Amino acid sequence: MGVLEFIHQNIDIIYLVILMIFVGIELISHVPSVLHTPLMSGANAIHGVVIIGAIIVMGQAEGVLSLILGFIAVILGTLNVVGGFVVTDRMLEMFKKKK
Amino acid sequence: MEHILVLIYLIASVTFMLGLKMLSKPDTAQRGNLIAGLGMTLAIFATIFLYRDGQGNHLGNLVWIFAALFVGTVIGYIMAKKVQMTAMPQMVSFFNGMGGACAALISIIEYNHMLHMTEAVDIMDSGKMIIILAGLIIGSVSFAGSMIAYGKLEGKINDFNLPAQQVINIGLVLGIAVLSGLFVMDIVTGPFWFYLILTLSIFYGLLFVFPIGGADMPVVISLLNSFTGVAAACGGFLYDNYVMLIGGILVGSAGTILTVAMCKAMNRSLLNVLVGNFGGGGASVSSDGGAQGSTKEITRSDAAILMKYASKVVIVPGYGLAVAQAQHICHELENLLEEGGVIVKYAIHPVAGRMPGHMNVLLAESNVSYDKLVEMEDINPEFNTTDVVLVVGANDVVNPAAKTDPSSPIYGMPILEVEQAKNVIVMKRSMKAGYAGIDNALFYQPKTFMLFGDAKDTLTKLVSEVKSL
């Protein structure tokens, strides 16, 4: 029915999602606990990729409401990306210094 | 041009995977972060200039996009640069909340867009609606939850328990699920229901984090982090955008594993963290703490003598050290003792500080050498050859009840076995219990001496005492 057809039409994406779940698990499964905090922060920055969605809706926005909401969305997304990467960098900078 | 965009998205996706991989090793971590950041920048600018919609139109409103990017960059950069290292966990939580809100806003705009566009709802639209709703719900839960986590760690919001909290939470989840189902099936339609789902989700996010105690907050932040990842992936689904999908799902799954790893370090199950809170419930357990008795205080000069003439001193830093900003003076004490020929090491419990690894960051900030920070498994066998253990602002991680008392809420949590050492000096502000809200039998042992006061203040005075010897 509807759901099955939906799955069929998006089967590539579904494969991708499943593979990425395994990649994500594999990538960080041997991380020492020392790096948990920076890693979490780095991952936090990476999900800032949501900003691309915000840019797309913003670029297609017509009407004041969409424009305002899109504007806010891009700002928040940028905060996530920039703040996330800068904070992570600052944390990791401290690890580097002592050797 | 579209081919180039696809290629850039591919490159960006690889940088995310590479970045995460490199972030999990100390030597490459910083470069990994940089690489992922470059990939992100590339993807953002490529989207702005190269993206075309189905009809081949470029993106409009470029001025607004750049204005928003500029504002976000400036604010984000300043916040990230100015934040104290001790406040790092709440900063991460704040940025995470921003990402969640961004995902939720995208869903809101897309829904409004759909309202104007379509009259007939076919299969694709209900598929699309599922994704829009998923992004809305997950994003707003993540936003609301992260903000509460931020407020709690900043000390602006206290623990808060509604009566029948669990029932209300379960009711909210069911309510959101049922409403969403009805909405997708078109049984209920219209903006009213859409925004009702949004409101309920925000409520759920608030109530879900409200009762969780400070000690468990890192786990919650990590969990919400992976939520936001999933919300970002929903956006990827919506726009058939692989870089969003890959970035989001990677963080979603990696974040979940990280959450589980953090729980393991504290010997608690995720369910336990989410449902039971030991901050509130644990307080009543303390009455039968067992090892009551009297504690002995030690003067600063005696403590200084004890350490000065020891051959090996192990410092156990806890969050108390971090809040007092005492890491620098602690390092000074370490240097002073080392000059006098004392071997000094730091024993780092996996959850010392506010998050796993947080204490390492804080001590690294004050130039403590990396090889002095010894992890729990490696330092535990060394305690019986240690003359003095100096516990600074730590409590639960040195509580022997975790090993000996099966009725204790922290029973089974791996601890630093400081009671093996010849002498233990506990530096604490008062006899108040730690985060777990339970008494600590260590304090009543004959070899334990208490040194009350603010960590920074006491350490400073201790340093001058050692100097004068």
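In which sense do strand 5 and strand 6 of chain B pair, and over how many bridges? The legends below take this up, along with a few other spots. A quick note first: this is a predicted model, in which local features need pLDDT of at least 70 and side-chain atom pairs count only at pLDDT 80 or more, while totals for chains, interfaces and linings use all residues. Residues are numbered from 1 along each chain as its sequence is written, and chains are lettered from A and ligands numbered from 1 in the order in which they are written.

**View 1. Strand 6 of chain B sits in parallel pairings.** Strand 5 (residues 388-392) of chain B pairs with strand 6 in the parallel sense, over 5 bridges. Strands here are DSSP runs (E, at least two residues) and helices are too (H or I, at least four), numbered from the N terminus; two strands pair if DSSP finds at least two bridges between them. Look for Val389(B), which stands opposite Val424(B) in strand 6. Strand 6 also runs parallel to strand 7 (residues 448-452) of chain B, joined by 5 bridges, and here Met427(B) has Leu451(B) as its bridge partner. Strand 6 (residues 423-428) is mostly covered, with 5 of its 6 residues buried. (Buried means 20 or more other C-beta atoms within 10 Å of the residue's own, exposed means 12 or fewer, and partly exposed is in between; C-beta atoms are placed from the backbone.)

**View 2. Helix 15 of chain B is tucked away.** Why is helix 15 (residues 358-365) of chain B largely enclosed by the rest of the structure? Because 8 of its 8 residues are buried. Among them are His358(B), Asn360(B) and Glu365(B). After the helix comes Asn367(B), with a positive phi near 70°.

**View 3. Chain A meets chain B.** Here 79 residues of chain A are in contact with 97 residues of chain B (contact means C-beta atoms, placed from the backbone, within 7 Å). Helix 5 of chain A gives the most to chain A's side, with 32 residues. That side divides into 48 nonpolar, 23 polar and 8 charged residues. Ala, Val, Leu, Ile, Met, Phe, Trp, Tyr, Cys and Pro count as nonpolar, Asp, Glu, Lys and Arg as charged, and the others, Gly among them, as polar.

**View 4. Zooming in on Ile56(A).** Ile56(A) lies in helix 4 of chain A. Ile56(A) is buried, with 24 other C-beta atoms within 10 Å. Leaving aside neighbours within four places in sequence, Ile56(A) is in contact with Thr47(B), Tyr51(B), Leu59(B) and Tyr239(B).

Conventions. Contact = placed C-beta atoms within 7 Å.
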